[in-house]
Amino acid sequence: MYELENVLRPYAWGSTTAIAGLLGRPASGGPEAELWIGAHPDSPSVALSPAGSAGAHAAVEGHGGRALDTLIGEDPEHHLGSDSVAEFGPRLPFLLKVLAADSPLSLQVHPTLEQAREGFAREEAAGVDRAAAERNYKDDNHKPEMIFALTPFEALCGFRPASEARAVFELLVADFELAGLDLPPLVPLLLEDLAQPEEHTALRSAFERLIAGGEDVAAATAAIVAALVSGAPTAPHQAELSTVVTLNAQYPGDPGVLISLLLNRISLAPGEAVYLPAGNVHAYLHGLGIEVMASSDNVLRGGLTPKFVDVPELLRTIAFEAVGVPMLSAETTMLGQEVFRPPFREFQLQRIELAPGAEPVPLAQSGAAVIIVVSGSVLLDSPKGELRLERGASAFLPAAEAPVNAHAMSGATGTALAFAVTTALKA
């Protein structure tokens, strides 16, 4: 078992305090958006000494430790297990993040595995630099993901039924009539789009009209926001319309502001989780959570960002279908493990809560695993050794280390809480 040092990504939308507060360390003073725990080649964790070696923080090799992707690459079968290597290749198939959004992330969608492979090969053949701003596919993998809320967590997630989106725009029509204001010409066109009998066509038509942007979209957005700020009635769509005002304050006139009205506006309570399959248009708005995904960086953006937006490729990637919010409930196994299993093979998330004096909890490990402790202290033990993790610490557990049990520390006075990720190959 290897304790890890992880990379903190300082994206501008990140909270300056949430991750530091969760992990019990001083804040850096700047935005702290994502803590990456895994072996993604862009920001791999660094593996420190294995449990049982001299010094809990001694370097595996040299003074700086060893990048986790390098360590895994030296003996994939040992570290990942033969089943994982056979299905996903000689790489850790998942990435765990602690995510802290203080302001909205970009509106985005992730490709299917087939789309990722085709798009990556196409851009490689065209000679597009992998670091170029206009590059869509950074790798040949898909990026299904899930988010587990640690605090109240706000997000946009997938298309709502066209009839529901139409009802929001009909309320705006009534607001303009009540105030004696001229209705932006874009709004009746969107109502026509959303009234089409086939759901797929209705959603695609409205989305295409908005993503095209231009003066009509910017003017309509400005007029709608002005009406809302001046006190136009918003019931029963307060959450959706207040989100329009918030998004426009950061990205005035951006197509994503009104596109948000086509999407499910969700509020997760702490302990709730949602998963995001390929083709799902989404954006995290605010909150702290544990995010898990397939190990990829493929993102097609659709607004709320100054970054490159490739509209034709975006339209090829989106699934234009109304979906219920894909909530994810925990399963309790026969061994008492609390596991969140989205319909993806690459990962599952285990929540581990250990009250003082509680019986140990076995890790639901299938291949390699990573774990992070967010409260209290946890002792991990396996047939090969032990590793103590304090609040804020994380570890990589090779497949060959299994079975691993998590224990409450002797003499602990508070409850320990940890999260572990492994593949779903044996689910």
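Mentor: Let us begin with a sorting rule: Ala, Val, Leu, Ile, Met, Phe, Trp, Tyr, Cys and Pro count as nonpolar, Asp, Glu, Lys and Arg count as charged, and the others, Gly among them, count as polar. Please keep in mind that this is a predicted model.

Now to the largest pocket. By that sorting rule, its lining divides into 18 nonpolar, nine polar and 13 charged residues. The lining has 40 residues, and those nearest the centre of the pocket are Ser-106, Gln-108, Val-299, Arg-301 and Lys-307. The space in the largest pocket comes to about 790 Å³. How do we find such a space? Rolling a probe the size of a water molecule over the atoms shows where empty space is left.

The second largest pocket holds about 350 Å³ of space. Its lining has 16 residues, with His-40, Pro-41, Arg-91, Asp-139 and Ser-295 nearest its centre.

Next, find Lys-97 in strand E6 (residues 94–101). Lys-97 has 4% relative accessibility, so it counts as buried, the cut-off being under 20%. The side chain of Lys-97 makes a polar contact of 3.2 Å with the side chain of Glu-34. Leaving out residues up to four places away in sequence, Lys-97 also touches Leu-35, Trp-36, Gly-289, Ile-290, Glu-291 and Met-293.

Leu-304 sits in the loop between E13 and helix H12 (311–317). Its backbone deserves a look: Leu-304 is not a glycine, yet it has a positive phi of about 60°. Most residues other than glycine have a negative phi, and most peptide bonds are trans. Leu-304 is also buried, with a relative accessible area of 1%. As for peptide bonds, the one from Ala-235 to Pro-236 is cis, with omega near 5°. Pro-236 is found in the loop between H9 and helix H10 (238–250). Another cis bond joins Ala-402 and Pro-403, with omega about 5°, and Pro-403 belongs to the loop between strand E21 (394–397) and strand E22 (405–408).

In helix H7 (residues 186–194), the buried residues are Leu-186, Val-187, Leu-190, Leu-191, Asp-193 and Leu-194. Looking down the axis of H7, these buried residues fall within an arc of 155°, so they line one face of the helix. Their cover includes helix H6 (162–179), helix H8 (199–211), helix H9 (215–229) and helix H11 (255–259).

Ala-165 is in helix H6, and at 0% relative accessibility it counts as buried. Beyond four places in sequence, Ala-165 touches Arg-160, Leu-194, Leu-261 and Leu-262. The C-alpha atoms of Ala-165 and Ser-260 are separated by 9.5 Å, although these residues are 95 apart along the chain. Ser-205, in turn, has its place in helix H8. Setting aside neighbours within four places in sequence, Ser-205 is in contact with Asp-193 and Gln-196, and a polar contact of 3.0 Å joins the side chains of Ser-205 and Gln-196.

Note on methods: Residues are numbered from 1 along each chain as its sequence is written. This is a predicted model: local features need pLDDT of at least 70, side-chain atom pairs count only at pLDDT 80 or more; totals for chains, interfaces and linings use all residues. Side-chain values use heavy atoms; hydrogens and water are left out. Buried means under 20% relative accessible area, exposed over 50%, partly exposed in between (1.4 Å probe, protein chains only). Helices (H or I, at least four residues) and strands (E, at least two) are DSSP runs, numbered from the N terminus. The arc is that of the directions from the helix axis to the C-beta atoms. Contact means heavy atoms within 4.5 Å. A polar contact is a pair of N or O atoms within 3.5 Å; within protein, one must be able to donate a hydrogen and the other to accept it, and residues adjacent in sequence count only if both atoms are side-chain atoms. On a 1 Å grid over the protein atoms alone, a cavity is a set of points where a 1.4 Å probe fits but cannot get out, and a pocket is an open set with protein on both sides within 12 Å along at least five of seven lines; lining residues have an atom within 4 Å of a point. Grid points are joined across faces, edges and corners, and a volume is the space filled by probe spheres set on the points.
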